[in-house]
Amino acid sequence: MPTPTQQAWRSTLGAVAAILLVAGVAGAATGYFWMFVALAALGILVWHYWRLHRILDRLKRRRRVQTPAAGGIWSELDRLLSRASDETLARKKRLVAMLHAYRAAAAALPDAIVVVERNSQRIVWFNQAAHGLLGLDYPRDIHAPIGPKLAHLSVPNWLASGRHAEMLMDEASPADPSIRLSLRLIPYSEELWLLVARDVTKLMRLEQMRRDFVANVSHELRTPLTVLHGYLDMLDPEESPELAPILDEMRRQSGRMNQLVEDLLTLSRLDAHERSDDEVVSMRSMLPTLRGEAEALSQGRHVIEMHDDATVDLWGSTKELHSAFSNLVSNAVRYTPAGGRIAIRFQPDGEGAALRVADSGYGIPAQHLPRITERFYRVSTSRSRESGGTGLGLAIAKHVLGLHGAYLAIDSEVGVGSTFSCIFPRERCRQRPVALPFS
Ligand code: ADP
């Protein structure tokens, strides 16, 4: 069964052959064979050019091609063009319908969505929620620069960091300051960004309640614990030797509870951003203090080294940084069996400085590393408890470092040891004053 295109070719070539044949016969009969054949060929050529001209003209005017009745190759070309244009039209309709559906869905989202033109930082489109959450008005704010619209949020600076912009949490809404927003920037094409603002008021309230609850409970536990601890200290085991092991255990447990409460209070303070003022943190005195603590905890069971190779001090809170470093040092001692080595090193790192605490201890299996700094996360609960751990040390260290623009890097291999590195950027380093002789 020939295809319509094959049929069209057959019909056109048949017609050409028939015309030439008739012209040839007529020419032969009248004695002007070549003249008749040439005239017929010219006629065919003119007709073909005319059809080509008609098609080009129609395409130029973008006129819809009518589906022609079956015929030669030109009708077939018309038919194919008409089919292509029908398909394009149907595709266009489908795309428009999809676009409408997407826009309707985006418009109905409870999150504010703003499409921003990257170079000019002008607003291209926004949904209805952007009115309530970001105070944008339609059509006034279409094509308006986004920076001034959201000037009192940290948005303009944040937009400048573009692709690397981290999510902004807990910003007050420009439309209603009691609404708390989280903002996220998604570069979804070379020219356009999507700014998504979500109402996190409830989440923030719950988070605040959780923080307040932990802080209050810890605070309330502190006084009775101090009283218990005081009385326990007053009891003399020598007066009743049979009670000595019980008193010992009670002291140990109340000491643990005390430590737990103190760690929880430290975390609450850090959560609430109640930070002591920044100052120059003298590493010349911090490092020997850390070594002294390690030695006191180790009781001679480990070899403890200290190296001070950086010529800088840090800028931050001495108390908080001491608490972070001291947690790492205490972990190194507690999770390294007797006879192991512990090295505390302060050294240059890139443009900044790093404090590293390395041990030759048990090490941490790789699957635990991503969660190790979570509150109360432990690799081995019994080992942590036996050694007097609260499960909060690394959470405190990470939090403190975060507040100092630094971060915690952990390298560990089971059976070989671990290295915890506190990496500080250049902005947190201060050139150390030259030590005066005999000072
Ligand atoms: P803990 O009070 O239990 O030590 P941390 O938050 O300080 O709590 O540490 C969390 C867990 O990480 C610990 O329980 C321990 O399993 C693991 N860990 C921390 N430091 C080390 C280390 N230097 N070597 C091996 N394991 C460690």
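Tutor: Once the neighbours within four places in sequence are left aside, Ser298 is in contact with Ile304 and Val333, where contact means heavy atoms within 4.5 Å. This is a predicted model, in which local features need pLDDT of at least 70 and side-chain atom pairs count only at pLDDT 80 or more, while totals for chains, interfaces and linings use all residues. Residues are numbered from 1 along each chain as its sequence is written, and side-chain values use heavy atoms, with hydrogens and water left out.

Ser298 counts as buried because its relative accessibility is 0%; buried means under 20% relative accessible area, exposed over 50%, and partly exposed in between, with a 1.4 Å probe and protein chains only. Ser298 belongs to helix α9, and helices (H or I, at least four residues) and strands (E, at least two) are DSSP runs numbered from the N terminus.

The next thing to look at is the sheet. It is open, with five strands in the order β7-β9-β10-β12-β11 and mixed pairing, two strands being paired if DSSP finds at least two bridges between them. Strands β7 (303-308) and β11 stand at the edges with a single partner strand each, so one side of each has no neighbour in the sheet. On average, neighbouring strands are turned by 15° against each other, direction ignored. Helix α9 (residues 283-298) packs on this sheet, where α9 touches β7, β9 (341-349) and β10, and the direction of α9 makes about 175° with that of β7; axes are lines fitted to C-alpha atoms, for helices over the stretch in contact, and angles run from 0 to 180 degrees between N-to-C directions. Further along the sheet, β10 (residues 352-359) and β12 run antiparallel and are joined by seven bridges, and Ala353 stands opposite Phe424 in β12.

In α12 (residues 393-403), eight of the eleven residues are buried, which leaves the helix mostly covered; among the buried ones are Gly393, Leu394 and Val400. Just after this helix, Gly405 takes a positive phi of about 70°.
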